[in-house]
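This report describes the fold and selected local features of one protein chain. The sequence and the structure are shown below.

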Amino acid sequence: MIKLMTPGPTQVRENVRLARSFETSSPDFDLEFYDYYKEVCQLIGTLLHTKNPVYIMGGEGILGLEAACASLTEPGDKVLVIDNGVYGKGFGDFVTMYGGIPTYYTADYKTALDVERLANFLEKNHNFKYATLVHCDTPSGVLNDISKICPLLHQYNILTVVDSVSAMFGEPVYVDDSNIDIICGGSQKVISAPPGLTLLAVSEAALSIMQNRRTPIASYYANILNFRDYYKNKWFPYTMPISDIYGLKAALDNIADDSDIYKRHSQIGTAVRYAVELSGLQLNLENGYSNTVTVIRVPDIINCQDILSTLKESYHILLAGSFDSLKDKVIRIGHMGENCNVEDVALTLEALSETLTSLGYPLKTNLKLFF
């Protein structure tokens, strides 16, 4: 049995798996399911500290990113793409796909976004319909302060679209206080349900702009407006994946019952980073560390794939490499959601120590958790 310690998908608790096995009705014709779906959406809103409408879409977390861009973008719209990571830059593809004109604000990929520098840029450059940014850029592990960035953008009437797929519920999120117009989450990260669902909280301002477009939204499946009146009309735009939503509800209940979730993520994230530095290994980042994933530079004398394959074959632990500019240069430990516990993280560090030693890399000290 392979232990998942990747930055998503994460391990899934037994009660979530059991919830997915419940007998199902027809989500299109069972009126009680509309109440259930609404209840789950309201729970998400409560956990994200927002009064904005929340929707669950049938598709992996990236669906939410595309849906936000598809629903907001009209041909010729100017969009600010905040790029300090692979996923941040990737938002531009969705913008251009739907006819928008992206302006890339590119910053250091090894540090959190400098809010003061962004403020200086916006003083002279703020003619944008909306801006996209990533809360935790999973390939590098960098965490951006959305509580400061989004209010800054709102000062210039720029709508905000935030990818929080890898941070949501592992890092505090206050949607309304932070002026976030669309925030995107996914079921397979901190929530610790299987992949397959996107979560969106959408402001009334964003919905109004979608509603008053000059041109139709150039998508059906990625059209957020299709969900706006689901409860009043008792109609979904497609058959909802009911078993997935049962599992999601169980996973969200686990989060709601976990009063120490943010403290635990902070303590374990801090402890892993300390262990990495103490051992003589190098963290990928200079600052802006996320508490959901730690990204470690691969020593020059070792092959990245050798580390990952040894961990999998000899210790039955699955870690992740990365991609794009970080391909074969880093390994990533996901300590988020169900992965974020002392026993599994300690086991992972021990196995990584033994793997590196067996591959000929001398650590200053073995990787251990210290609190």
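## Backbone exceptions

At 37% relative accessibility, H49 counts as partly exposed, a class lying between buried (under 20% relative accessible area) and exposed (over 50%), computed with a 1.4 Å probe and protein chains only. H49 occupies the loop between α2 (31–47) and β2, and its phi is positive, about 55°, although it is not a glycine. N179 belongs to the loop between β8 and β9 and is partly exposed, with a relative accessible area of 30%.

G8 and P9 are joined by a cis peptide bond with omega about -5°. P9 is located in the loop between β1 (3–4) and α1 (14–19). Most residues other than glycine have a negative phi, and most peptide bonds are trans.

## Basis of the model

The model is predicted: local features need pLDDT of at least 70 and side-chain atom pairs count only at pLDDT 80 or more, while totals for chains, interfaces and linings use all residues. Residues are numbered from 1 along each chain as its sequence is written, and side-chain values use heavy atoms, with hydrogens and water left out.

## Overall architecture

The chain contains twelve helices and 13 strands; these are DSSP runs numbered from the N terminus, helices being H or I of at least four residues and strands E of at least two. Its radius of gyration is 21 Å, which agrees with the value near 21 Å for a compact globule of 371 residues; the radius is taken over C-alpha atoms, and the globule rule is 2.2 Å times the number of residues to the power 0.38. Along the principal axes, the C-alpha atoms fill a box of roughly 60 × 55 × 30 Å.

Of the 371 residues, 56% count as buried. Among contacts (heavy atoms within 4.5 Å) between residues at least 6 apart in sequence, 72% join residues at least 24 apart. The accessible surface comes to about 15,500 Å², and carbon and sulfur atoms contribute 50% of this area; accessible areas come from the Shrake-Rupley method with a 1.4 Å probe, and for residues only the protein chains shown count as cover.

## Enclosed elements

Strand β10 (residues 197–202) is largely enclosed by the rest of the structure, because six of its six residues are buried. L197, L199 and A201 point one way from β10, while T198, L200 and V202 point the other way. Strand β2 (residues 54–58) runs antiparallel to β10 and is joined to it by five bridges; strands pair if DSSP finds at least two bridges between them. G58 has L197 of β10 as its bridge partner. Strand β9 (residues 182–186) is also antiparallel to β10, again with five bridges, and G186 stands opposite T198.

Helix α3 (residues 62–72) has nine of its eleven residues buried, so it is likewise largely enclosed by the rest of the structure. Among the buried residues are L63, L65, C69 and L72.

## Buried loop positions

S166 lies in the loop between β8 (159–163) and β9 and is buried, with a relative accessible area of 2%. Beyond residues up to four places away in sequence, S166 touches C136, T138, K189, V190, T292 and M336.

A320 is situated in the loop between β12 (317–318) and β13 (330–334) and is buried at 12% relative accessible area. Apart from neighbours within four places in sequence, A320 contacts T6, P7, L308, V330, I331 and R332.
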